[in-house]
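Subject: Structure handover

Hello,

Please read them with the model open.

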Number of protein chains: 2
Amino acid sequence: MKIAVLGGDGFVGWPTCLHMAAKGHEIHIIDNLSRRWVDTELGVQSLTPMDSIQERMRVWRDLGETPLHFHLIDVAGEYERLKSWLGEERPDAIIHFAEQRAAPYSMKSDRHKNYTVSNNVNASHNVLNAMVAVGLDAHLVHLGTMGVYGYSTVGATIPEGYLPVQLKLESGEMAEQEILYPANPGSVYHMTKCLDQLLFQFYAKNDRLRITDLHQGIVWGTHTDQTRRHDQLINRFDYDGDYGTVLNRFLIQAAVDYPLTVHGTGGQTRAFIHIQDSVRCIELALQEPPTAGDRVRIFNQMTETHRVRDLAELVSRLTGARIAYLPNPRKEADENDLVVTNKQFLALGLDPIKLEDGLLNEVVDVAQKYAYRIDRSRIPSVSAWTKERAARIETNPERQKFAVVGGD
Amino acid sequence: MKIAVLGGDGFVGWPTCLHMAAKGHEIHIIDNLSRRWVDTELGVQSLTPMDSIQERMRVWRDLGETPLHFHLIDVAGEYERLKSWLGEERPDAIIHFAEQRAAPYSMKSDRHKNYTVSNNVNASHNVLNAMVAVGLDAHLVHLGTMGVYGYSTVGATIPEGYLPVQLKLESGEMAEQEILYPANPGSVYHMTKCLDQLLFQFYAKNDRLRITDLHQGIVWGTHTDQTRRHDQLINRFDYDGDYGTVLNRFLIQAAVDYPLTVHGTGGQTRAFIHIQDSVRCIELALQEPPTAGDRVRIFNQMTETHRVRDLAELVSRLTGARIAYLPNPRKEADENDLVVTNKQFLALGLDPIKLEDGLLNEVVDVAQKYAYRIDRSRIPSVSAWTKERAARIETNPERQKFAVVGGD
């Protein structure tokens, strides 16, 4: 297959490109390299020394693998170039990662909120609009988030995108309907993924586009079978307070003897997936395209759920690190349950990698190997959801012990 | 009250400004005058001769009324200027009309789709974002559309925004929840209003903004008590295939002896409201602001529902005009029922103007008075929802009788 990977230079995008290229597919990376620019803006860098996209591609080709192609296009900002490219190259599938993907970054300031909304909505809409304009019947696979559900199950398992409900008719009878799960996003970033869902729903209905939306959990780990093949193929590893994700952050905190920063009570339950499973799920989704006219196919791309404090305790037992409980910069429930089904991917043959499979140690090894590159001052999560939350962090006594506040 | 009216130069915006100014409020119109530019783009003009915003304001002031203020700001494109203005002027309320509001225009081409999405989402998000950034606790009243519901009741009355449903818990018990009515937009324009709803939901929850969303039906009529006061205060009256709305279009078609163009079977049921009631509803909504922390308050701003073919027959009986049935450029059900509640506005004292109240004749009078300004070639609705729909219109025999196709 010819596959366009929008955002193919990113944390999940890059290993996805390698995974699919290793299967013999023709991969075209379309990326504006904005994630590298954000590193510059924030004054942080990947824990792992990450080469340029061109150098990564050269190394891959030199290993004798199917070459990758790169096109510097801003999906959100260069509609005409995107459309021309799609019209001329006519890929069989499009994998869409080209969005700003960090909740804390999306809440940093009004500029970051506007950027996240404008970038993400326009990126997704440009892709859909261009597909219709050039009559391209490609399978669009989008990386969404579990966060569209709102991180709470209210006593019912979170289904894969569609919720069966009963509603009362005029006649007094009850009728069953399946509805798109009611959106309840927890940040501006998560909100944009809810907006995406409505874009997809409309274009699947009006234009019969074939769309799969993957509601992904928090990705942990760093290596996949392909990134392990050469030092220069290494994936990015974010540890900073904006882009680092909770489990990976605990592991690097442990590696550099920094307390494991738990926000609030740590009673938040989250869904997780290892990066190797992430790329495998995308491959599985590509093998099962919907038919034109179908509603959007939605998968929950996660393999297990954990409470944040349980993860902290697990990492603490593994490494001896101490845990610090800090005020939560996010506006969310202190404690929530989360029961999620992922039976569609299991049915397609996914054999999940779990936390107990030993890969936590691999991440600790990576963290220790590159610990010399860690700027401890960039570990804290300082982006607060509201002014009230920011003030609570400012005045917290635990903060003094760190000199700077830490968390995720 | 000091009230900012975003989009205060438009079809409902202008009479709203006059209505509220007549009540003694301090009105600040914020508008980029894009609707006037779209007239230029499409090569059409309002049926009524419409003066510049400055001239309209001069006439109003010369009548001895509370002066209006005008600020040329692009709400979607000039975030920093909007934020500065809100931060300095700190209005008590903001009425938000500043969106591209025609479904056919939103479906004309990929450029129009992108413009509608980008303009409308960024406009709404800029307002919310700026309110939070400058700590402005104003009451935001947004003009939404009945179209977010998807024009179908599936046997149950459309509630005011929130739908009570039963869902099955893990335990097997059923639990009742009220959810935002599942979005089912019929065009890119309607889709943007569904996106708006999620923006409002998030900012009401995260930042305790006080927001009212008015799900408006199709507005008919042209005069209000204030626009009647002087010829130069006359409201705009769109008759073209993109911006003209169905009932007003039938009335001008009748006035110039053009067939009443019904799309499909005309079995579509739509919700309607007279423009005088529109401005009255906005006044009522302003009197009932939600409390900080409340969910978004949603009203259905409509007073009656009718099938399109019944309206055509009514106008035909009134005027003797013939009816032409044409292929529908929209992708929608041929026939739908629509039962809508509007009990909140009735409870607040709205005394609805109905079709039978004689105001149809007033519109026919306006149409006849300005019939010399009608360009018959701009009456047809040529914007099709898909290429298939466009082809059906092209090959339709009825089309030949017109030389050009007509509709709404």
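The notes below cover a sheet in chain A and a helix in chain B.

This is a predicted model, in which local features need pLDDT of at least 70, side-chain atom pairs count only at pLDDT 80 or more, and totals for chains, interfaces and linings use all residues. Residues are numbered from 1 along each chain as its sequence is written, while chains are lettered from A and ligands numbered from 1 in the order in which they are written.

Chain A has an open sheet of 3 strands in the order S9-S11-S13, with mixed pairing. Strands (E, at least two residues) and helices (H or I, at least four) are DSSP runs numbered from the N terminus; two strands pair if DSSP finds at least two bridges between them. Strand S9 (218-220) and strand S13 (304-307) of chain A each have a single partner strand, so one side of each has no neighbour in the sheet. S9(A) and S11(A) (residues 269-274) run parallel and are joined by 3 bridges; A:Val219 has A:Ile273 as its bridge partner in S11(A).

In chain B, helix H1 (residues 13-22) is mostly covered, with 9 of its 10 residues buried (20 or more other C-beta atoms within 10 Å of the residue's own, C-beta atoms being placed from the backbone). Among the buried residues of H1(B) are B:Trp14, B:Cys17 and B:Met20. The elements that the buried residues of H1(B) pack against include strand S1 (2-6), helix H3 (53-62) and helix H9 (275-287) of chain B, where contact means C-beta atoms, placed from the backbone, within 7 Å. Just after H1(B), B:Gly24 has a positive phi of about 95°.

Regards

Key
Buried ≥ 20, exposed ≤ 12 C-beta atoms within 10 Å, placed from the backbone. Contact = placed C-beta atoms within 7 Å.
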